[in-house]
Amino acid sequence: MSRRVLIDTLAFGRERGVLDGDLAVSSLTRLHDLLAERSGTLVYHAAGGVGSDGRSQLSLAIEGRLFLCCQRCLEALDYPVDLHSLLEFVDDEHDLTQEELEDDSRDFLPNQQDLDVVELIEDEILLALPTVARHDDCRLPAAVAATDDKVSPFSALAAARSRA
């Protein structure tokens, strides 16, 4: 498990805090079931700020590579991670206007005194991954087996049936 990085969202935004770091992919345990390999690191940059409406914001960038498990051939799929998110913190979700809710340029989270940045990074990665990871040009495992020069175990049965 990676070490926790906690921030107070109001103070981080108001003070325009900056966090830079890297995370071992192996430490992101909620990703493990989706990965073919747990090697590598992801680099993140988090910068606090204040939006035009006075709310604290967090700009988050995550870069690196993941090796997802292709759901077609079950081999490793090299998946580049290049995420950029703008998160705005609110006291109460009911204070948001319909226009703000429909704005896709940012997401809203409740203000927190102890926001775990590593957990937030893992959440953002999980939300950005494809629903079904697969290569564009791989073959099904059954198709690979069919092209092998192995003799089918049922060929003897077929030969016996044709003689009868």
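Me: Is D116 buried or exposed?
Reply: Buried means under 20% relative accessible area, exposed means over 50%, and partly exposed lies in between (1.4 Å probe, protein chains only). D116 has 10% relative accessibility, so D116 counts as buried. This is a predicted model: local features need pLDDT of at least 70, side-chain atom pairs count only at pLDDT 80 or more, and totals for chains, interfaces and linings use all residues. Residues are numbered from 1 along each chain as its sequence is written, and side-chain values use heavy atoms, with hydrogens and water left out.

Me: Which residue forms a salt bridge with D116?
Reply: Side chains of opposite charge can pair when their charged atoms come close. A salt bridge is a side-chain nitrogen of Lys or Arg within 4 Å of a carboxyl oxygen of Asp or Glu. Here the partner is R4, with the closest N and O atoms 3.3 Å apart. R4 sits in the segment before strand 1 (6-7), and D116 in strand 8 (residues 115-116), 112 residues apart. Strands (E, at least two) and helices (H or I, at least four residues) are DSSP runs, numbered from the N terminus. R4 is exposed, at 55% relative accessible area.

Me: How many salt bridges are there by this rule?
Reply: The count is seven. One of them joins R30 and D123, at 2.8 Å from N to O. R30 lies in the loop between strand 2 (18-24) and strand 3 (35-37), while D123 belongs to helix 3 (residues 117-128).

Me: Which residues are joined into one network?
Reply: R55 pairs with D53 at 3.0 Å. Salt bridges that share partners join D53, R55, E88 and R106.
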